[in-house]
Amino acid sequence: FIVNKQPTFSSFQMLLSKGYGIEGDYSIGIGATTPTVYIFNDQGYYDTGFNIDTNWSILCNANKPFEFVKFYHNGNMVFQTTTDKDLVGTNSSLFCIGSSEGNNYFFNGEMAEIIIYDSTLSDSQRISVQQYLRYKYAPPVDLGPDINIAYGFCDTALHAGNRFVDYAWKKSGSNDTISVASSLPVTETGTYSVTVTDDFGYTSTDVINVTFPNTDLNISNFT
């Protein structure tokens, strides 16, 4: 598992490698001009790359020796070999993070975490690790507890946080988006929701009830 932010593209850059251009190598790299991940093995031959469309990625390679290789991006399988491949790196080279052995192809992005297992995980184990990494680096949106304004008529504001890419605020009873900002001024009682998209491309939604004082007066009680 590799948690990384996409780099500034200038040349081919290596995320993780065990040899490069030699027998039994294993390398994961980012393409030079577009955000594309390439998987190299067997003397530099690369299995088909796949494009990345998010700012941050959780990359996962699931492989048993000489079996089909599956590659996951943010929880979705984006690539699978069509023939048996051994991508475990059978040569004597060292594992290198952020470059190839010999200090070439330096990675120009950001890497938050790398997890390497010495055995193949089951699908449920892989999903558990991916969810752990997602919630660690991009927790779902949280609007906090319901708001009850006991008195006064001042506006209040709901805050979703500034760490998301997209925001869509709605009020119960309508499907119309009322704001795409990170915060929402509220002037009346209602149930409000926000759906956000984070840097990994995941979406999450939270709902909050806001109650203002009841200003309806029954004038029949006055003489």
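Which residues of helix 1 are buried? They are Arg126, Val129, Gln130, Leu133 and Arg134, where buried means under 20% relative accessible area, exposed over 50% and partly exposed in between, with a 1.4 Å probe and protein chains only. Seen down the axis of helix 1, these buried residues fall within an arc of 135°, so they line one face of the helix; the arc is that of the directions from the helix axis to the C-beta atoms. An α-helix has 3.6 residues a turn, so residues three or four places apart point the same way.

This is a predicted model, in which local features need pLDDT of at least 70 and side-chain atom pairs count only at pLDDT 80 or more, while totals for chains, interfaces and linings use all residues. Residues are numbered from 1 along each chain as its sequence is written, and side-chain values use heavy atoms, with hydrogens and water left out. Helices (H or I, at least four residues) and strands (E, at least two) are DSSP runs, numbered from the N terminus.

The charged end of Arg126 sits over the ring of Tyr72, 3.7 Å from its centre, and that of Arg134 sits over the ring of Tyr202, 4.2 Å from its centre. A charge counts as over a ring if NZ of Lys or CZ of Arg is within 6 Å of the ring centre and within 35 degrees of the ring normal.

Across the whole structure, a search finds four aromatic pairs. Rings of Phe, Tyr and Trp (its six-membered ring) pair if their centres lie within 6.5 Å; planes under 30 degrees apart count as stacked, over 60 as edge-to-face and the rest as tilted. Phe1 and Tyr117 have ring centres 6.2 Å apart and planes at 80°, so this pair is edge-to-face. Phe1 lies in the segment before strand 1 (2-5) and Tyr117 in the loop between strand 10 (110-114) and helix 1 (123-137), so the pair ties together parts 116 residues apart in sequence. Phe200 and Tyr202 form a tilted pair, 6.4 Å centre to centre with 45° between the planes.
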